[in-house]
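User: I'm new to this structure and would like to learn how to read it. Could you walk me through a few features, one at a time?

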Amino acid sequence: MRQRRRVLPGARAALALGCAGALIGVAAAPAQAAEVSFATKCVPPAASGLDPVDGTTKVEITAPATAKVGDEVEVVWKFVQAASKNPDLIDLPANSVKPSGTLKAAGAQTAGVPMEGPQENPAIPKGGAMVLSDMKGKLKLTTAGEVTLTPDAYKITAFGTDTNCTPTETVPSAATIKVEEGDGSSSPSPTPSPTESGSTSPTPTESATESSSASPSETGGGQTDFTGEVVDIPYTCESPIGTQKATSTIQINAKKDGGSFDLTVQFKKSPMNSPANIPKHSIKPSMDVVLGGDDKGSVHVEGPTNAEDIKAGDPIEIPAMTGTYKPGATGASTLSPGVLTIEALGTTTKCTPDKTSVSLTLDTTEQEGGASGGSSSTGGGGSSSSGGLAATGSEDHGALKALGLVAGTAVLLGAGVFTFLPGRRR
């Protein structure tokens, strides 16, 4: 007579876990992780006045040990140590630093693999070790053989400014993938989605066209409100600590009031997050709107100071600037962004357009004491050259990137912040 063996519940659970472990062991793709170190030169943003830093980068690269032709593999770049530390200038708040870089593939297949990490980091004090997130990238394997992976240059972005780090010696390969011929069953892979790390620089082209459906500018037919086009204006900004190139996205709107027009100049979208605490009533913008077409001169517009304190990490926005345009000619008059002036803590930053572009065209009737040949501002205005083609550029308020907060506080340049030490040689 056969005896039935009793299996205890605990034994069943152990058996199930054992089988699951065996299945996982079979299904898991083999991976490898290797650490390499290499001498590196890191160049801070020019506006900071800081010297380049020579240091050592330590990187751990994780990739599959084996794969097949046609596979798209993910590679992970982990920073064990960045070559440079946070300078003794400011505390970097949490989630303010973003790394990106390039991994070189060589051997059976040659390629540059774009790598990018999320903007995630703990708060980094002045002089503290630079803590960077893991970067990831994808490589489509095309050729059988051994493919080596070697870390190359990388970039550290904080508040829109870049510190570029480049190897100064031959870097040893960190991983090798043995690529076998595909079996044909899984080769036709779907069109890979673009890698998240495909591009580390923005390519905003929408801003120049997003207002193509703006309301007509003509002033006939009893119309009183007129919406201008959004235009990108490249600026050269002169601040207390030097020159900075920047691009701002601007829109000029108008409201008819008798024979004159109330103008509103808007900067589209927040320029950046504040890297430092900024007291209220410390930032004031103004602009000379350039007149063209049948009218000549400029119109001075101003914005209010910041009504509240701006905390580190909060958005900084340029408020709408307003002014009155009294036409000095009859006909079609154009309005274009002109010289932008930003006053902050007793300092002045002036941004002059490299090119300007018409945002609004109005049908005007000459008014006594109008602007033609001069300025319709009540003060602070100045003429600026008009004309030029529209320029595409970034959607952030580039001109604010040249804002100087000096007098022993901070300097916001390139959307980054650096302490300005009086008497320090740049």
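This is a predicted model: local features need pLDDT of at least 70, side-chain atom pairs count only at pLDDT 80 or more; totals for chains, interfaces and linings use all residues.

Analyst: Let's start with Ser-359. Leaving aside residues up to four places away in sequence, Ser-359 touches Gly-228, Glu-229, Val-231, Gln-251, Ile-252, Leu-335 and Ser-336. Contact here means heavy atoms within 4.5 Å. Residues are numbered from 1 along each chain as its sequence is written, and side-chain values use heavy atoms, with hydrogens and water left out.

User: Where is Ser-359 found? And is Ser-359 buried or exposed?

Analyst: Ser-359 sits in the loop between β21 (347-353) and β22 (360-364). Strands are DSSP runs of E, at least two residues, numbered from the N terminus. As for burial, the cut-offs are under 20% relative accessible area for buried, over 50% for exposed, and partly exposed in between (1.4 Å probe, protein chains only). With a relative accessible area of 4%, Ser-359 is buried. A polar atom of the Ser-359 side chain also lies 2.7 Å from the backbone oxygen of Glu-229.

User: What about salt bridges? How many salt bridges does the count come to?

Analyst: The general idea is that side chains of opposite charge can pair when their charged atoms come close. The rule used here asks for a side-chain nitrogen of Lys or Arg within 4 Å of a carboxyl oxygen of Asp or Glu. By that rule, the count is seven salt bridges. One of them joins the side chains of Asp-91 and Lys-126, at 3.7 Å from N to O.

User: Why does the pair of Asp-91 and Lys-126 tie together parts that are apart in sequence?

Analyst: Because Asp-91 is in the loop between β4 (72-81) and β5 (97-107), while Lys-126 is in the loop between β6 (111-116) and β7 (135-140), the pair ties together parts 35 residues apart in sequence. Asp-91 is partly exposed at 43% relative accessibility, and Lys-126 is partly exposed at 43%.

User: Which residue forms a salt bridge with Glu-116?

Analyst: That's Lys-98, with the closest N and O atoms 3.0 Å apart. This pair links distant parts of the chain, with Glu-116 in strand β6 and Lys-98 in strand β5, 18 residues apart. Glu-116 counts as buried at 16% relative accessibility, whereas Lys-98 is partly exposed at 25%.

Definitions and conventions
Helices (H or I, at least four residues) and strands (E, at least two) are DSSP runs, numbered from the N terminus. A polar contact is a pair of N or O atoms within 3.5 Å; within protein, one must be able to donate a hydrogen and the other to accept it, and residues adjacent in sequence count only if both atoms are side-chain atoms.
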